[in-house]
Amino acid sequence: MPVEVVTGNHAAGYALAVAGEANRFGRGAACGIYPITPQTEIVERVAAFPFTKGRVVPVESEHSAMGVSIGASLTGARAFTASSSNGLAYMVENIMTAGFYRLPIVMVAVNRTLGPPWNIWADQGDSLMLRDFPWVQLYCANNQEVADLTILAFRLAEDHRILLPTLVCLDAFIISHTQGETDLPEQEAVDRYLPPLDLPHRMRHDDPKTLGGLIWPDVTTSLRMEIHEAMQRVPEVYDECREAFREVFGREPGAALDAYETTDADTVLVASATVATTAREVVKRRRAAGEKIGLVKMRMFRPFPEAALREACASATRIGVLDRDYAAGLGGVWWQDSRAAFQGHRDDVILQDYLVGIGGGDVTPETVDRVLEDLAGRDRAGGPVWADVGNGKGGGA
Amino acid sequence: MVEIRIHGRGGQGGVTLAKLLATSRFLKGQSVQAFGLYAAERSGAPVQAYCRFDDEEITNRNLIYEPDHVVVLDPTLVGPAILGGLKAGGWILLNTIATPESLSAEFPENRVATVDATAIARGHGLGTRSVPIVNTALAGAVAKLLDLPLEEILAALDHLGFGGGNVDAARDAYRLVAEHGPQREAGSRDGDARPGAIGRGPSFLAGAGGDLPGIKTGQWANEQPKRQQYVPPCNHVCPAGNDVQGFLHALAEHRVDDALEILLRTSPFPATCGRVCPAPCMASCNRIQLDGAVNVRELERYAGDKGEVKLVPAERREERVAVVGSGPAGLAAAYHLALYGYGVTLYEAGSELGGLLRTGIPEFRLPAAVLDRELDRVLDLGVEAVTGVFINRERLLELARNHDAVLVATGLQELRALRLGVGEVEMVSQGIDFLDQVRSGVPIRVDGEDVVVVGGGNTAMDAARTALRLGAASVRVVYRRTRKEMPAIAEEIEEALEEGVEIDFLTQPVAVQRMAQADGDTGEQHLACRRMELGEPDSSGRRRPVEVPDSEFSLPCHRVILALGQSPDLSVFPEGTEVREGAELLGLLETPVYAVGDLATNDGTVAAALGSGRRVAMHIHQTLTGEVVVSGEQTRVRSDVDVWHDEVIRDEALRMHLFERRPVESGEVIGLERRHTTFDEIHAGLPSAGEAKRCLSCGVCNECDICVTYCPEGVLKRVGHDLVFDYGYCKGCGICVTECPRNVVFMSHL
């Protein structure tokens, strides 16, 4: 298989394209695309791909880009797109629609700070704002994960037990524009991994029907329950997809979360994406110095792997959650869900929120050291701490 | 792990260099990262790129703060910043022609290596001459410094599809890179760039006006709009040196007094020139390409007739200047000298002031009242006038002894004649004399006569039109060249034709003939003429008329008026004196004596005489005081201009499509009946100054503010007479430039 030194955007665009091409034996590939920094190279790569069967439609907005993909998916095409930041915000109505339509669309989101004021650098606030929609969300920490999880996402989304759109997220510039060695799977292998899409509720000209008409509360309730049940099946199906991936490609994408040195740890950091890999350096160094410290690297955000997180942190009494995002009025989004995971299960944990690298600030080992220092000195958890700011104690106590 | 930081400028290929280095290590099985620091780069801005490689998987996702090595793509970036965090023992590679030894004092704790990658890149045709792409050459140099075999970097080039000159450049640099060891042990390094905790920034609300620190739109721009100014053609050609664009701009804004004030800076006679000037400004007007020249002459008259300006001369000086001759040149010189504060005495041989303005231009073109008003303007400055005194050579020497400077502005007094044989004494007169007699009230009538006027200048036209008004049965002008060569003002020729004057072109009078009659010698009178054709150009550049053989014919004729032009009377000067403007005459005396106006230049127009008088007045002032005098032409920049051009702007440099068409306004003309029987002024003048709005203001900002209106970012403001660009937010879109009709706003490369 060809390993190349490419950017994260290159890996994402390539993966979307070969996954779409793999559906040439089915109803082809189709998508709407619209540019936005820093994901533009992804849709450029998709637009340049010589699809055997299908069509890439350049449109006038992110909202329409998802609209085209929804229409394409409803007819049984493999549909996908990419966006970022305020582009995702503008797309929101159709993002929600794709989820409620149960369409296995895959979207790559390059995590960029929401504005104004404008800022093009990494921040997860954009994709995390979609947390309440029926989308699976996965977060990558390097270029290889971008390629692998994007391809895996199609198999997961298209599984009849799931049928939920899936979001694959990567950090702006730190991944999107950074060159690194990446194994880009060949078409033939992707063809084997991704059989033609079989969408059970697809539109047929010989069987006209309306999707999305007016329904009563009871039907609404049961549709929500269906979504919830599908979400509950995701971890299991995800693991099956990883296993199948290994059989075809010879390597296995990571689990919903990675527990690193957590077995006997009294202190655990919870982090995602590139912040997690930098934190792992610190954990490795401190372990070597004898500290009982571990790291949970989160890969799946929706559904939130509550049980796995509790299990990984079983020995820890101090947990620091690193959030490169901020939910106004509360704090970090990862922290909120982590805190909820322990609610009713453990009451002996100091679970503290640290906001780091907001707006793309460089999260260095020193940042992580400062976090650990604060965490070690606490006798109870408080409100979110702005860890990049000198004495950045947040509100609450 | 090895970490390399690359300092370059946007567009130089620093990120690609990082990728080349990373690829060469990747091909050897290492884990790699290559990335740029992306922000508001534009080409040329200082930027950084990074490369790290390691045998282990790289998980660190930070920027590189403590590089093992540093590469500098552009020698102008060398400064303390490039050393930030550089590890002891690390090398610094510079793209420069300097030797590493010569730089070791600057980097005493590090290995210094240099290579002239720019020359190598140019030698292999990489990039453009102005922006050579140096990254592939530097990749070769880095390989050498990392002790890598050349083949490993060549493999990376090949893997990424770089061929040809890139491979040769890498090979050359690998061979040519020179190195010099550190001069002392590395100490602790200042300026470690690793970030600590950040401080609290400003409040959004406090900075809601857009003052939050960070990246402004302007930093993306490659170009910035700036303001320039050209010389409008009218200003360039005006013989008097008038700021034509300037006074038209004032008129267009209904500032009539300001318009007059601008004109009075260079000429005491706007109302006069506004009637009699041939107006070369109009012939050169760029508006001709759109819908006809701006009627500058009538607008100058408007300003001269309607404006009111109180002139205040400079403080009275002790020096006295004598001016001989009170024509336009002498008056202009007297005017400007009086404004400078000199005591001026004007000597006029005739009984009235004004020279040719008074004696040679008929009332219907220049009413005496208009001239008198403008003369008063000069006299009101304290100029003393002595009339009826002819200055001969002796008296000139006397004046020179009694004054600090003397100007001679006697114009052209020698009238050219034509020998026409018998009868010329009674029948032939000079046009200048004819006009002067009529003006001064000599009761001349030409009722029923056939009058022939010889010549093609304004005197010929004026004499012909005067004869018509005095009752002539017919008036013919004979001229030996064609209409094209006629020196008379085109409009005056038109008006003469309207009034019934006939013109015979290519005609040369030969002799007056009287047809013998049986009953005596009072037979019919004729003027024998010959046809001419145009031959080779003569010394004036005009084609010389040549007689057509056997082409004689005769015209009925009772009176011949000659208007053949004049030449200077130099008898006042010693033999062999070179008479030209600005040259001091009679060099034997200490007092400088100057010739001005037609006497010196032979230009033949009022405007040229005014310009000559003004220039010599300035020259005298400069000579007597040593002060440097700034002429009107150099004071026309009214406000801040980034670039001042001395060139004249032509219509092709204007955006003509942005101007609306608008017909020329000429004002009323009195009826032909009155023109045949009275000497009433035939032009009534413009009823308003609206015509001034037709001025395109070529190459000069007239504050139309279209640029301000169209700026999509709202970053262009008018502050007083200045255009203020907020470059912090100007994205360089250039709309202000494409919307500026007069080529004032232009884009400047950053």
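How many bridges join strand β15 of chain B to β16(B), and how do the two strands run? This report answers that for a predicted model, then turns to another sheet and a helix.

Strand β15 covers residues 450-454 of chain B, and 5 bridges join it to β16(B). The two strands run parallel. One residue pair shows the link: Asp450(B) has Ser474(B) in β16(B) as its bridge partner. Between these strands the chain passes through helix α19, residues 458-469 of chain B. This β-α-β crossover is right-handed.

On to the next strand. β16(B) also pairs with strand β17, residues 502-504 of chain B. The sense is parallel, with 3 bridges. Here Arg476(B) has Glu502(B) in β17(B) as its bridge partner. The chain gets from β16(B) to β17(B) through helix α20, residues 490-499 of chain B. That β-α-β crossover is right-handed.

## How enclosed is β16(B)?

Strand β16 spans residues 474-478 of chain B. Of its 5 residues, 4 are buried, so the strand is largely enclosed by the rest of the structure. For this count, a residue is buried if 20 or more other C-beta atoms lie within 10 Å of its own.

## A mixed sheet in chain B

Chain B also holds an open sheet of 3 strands, in the order β26-β8-β31. Its pairing is mixed. The edge strands are β26 (643-648) and β31 (745-749) of chain B, and each pairs on one side only. Direction ignored, neighbouring strands of this sheet are turned by 45° against each other on average.

Look at one pairing in detail. Strand β8, residues 223-231 of chain B, meets β26(B) in the parallel sense over 3 bridges. Gln229(B) has Trp644(B) in β26(B) as its bridge partner. Strands of a sheet pair through backbone hydrogen bonds, either parallel or antiparallel.

## Helix α8 of chain A

Now to chain A. Helix α8 runs from residue 217 to 249 and has 33 residues. From first C-alpha to last it reaches 45 Å, close to the expected 48 Å. The helix has a kink of about 40° at Val234(A), shortly before the proline Pro235(A). After α8(A) comes Gly250(A), with a positive phi near 85°.

Which residues of α8(A) are buried? They are Ala230(A), Val234(A), Tyr238(A), Cys241(A), Arg242(A), Phe245(A) and Phe249(A). The buried residues of α8(A) pack against β6 (136-139), α6 (143-158), α7 (187-193) and β12 (300-302) of chain A.

Methods
Residues are numbered from 1 along each chain as its sequence is written. Chains are lettered from A and ligands numbered from 1 in the order in which they are written. This is a predicted model: local features need pLDDT of at least 70, side-chain atom pairs count only at pLDDT 80 or more; totals for chains, interfaces and linings use all residues. The expected span of a helix is 1.5 Å times one less than its number of residues. The bend at a residue is the angle between axes fitted to the seven residues ending there and the seven starting there. A residue is buried if 20 or more other C-beta atoms lie within 10 Å of its own, exposed if 12 or fewer, and partly exposed in between; C-beta atoms are placed from the backbone. Two residues are in contact if their C-beta atoms, placed from the backbone, lie within 7 Å. Two strands pair if DSSP finds at least two bridges between them. A crossover is right-handed if, with the strands pointing away from the viewer, the path from the first strand over the helix to the second runs clockwise. Axes are lines fitted to C-alpha atoms, for helices over the stretch in contact, and angles run from 0 to 180 degrees between N-to-C directions.
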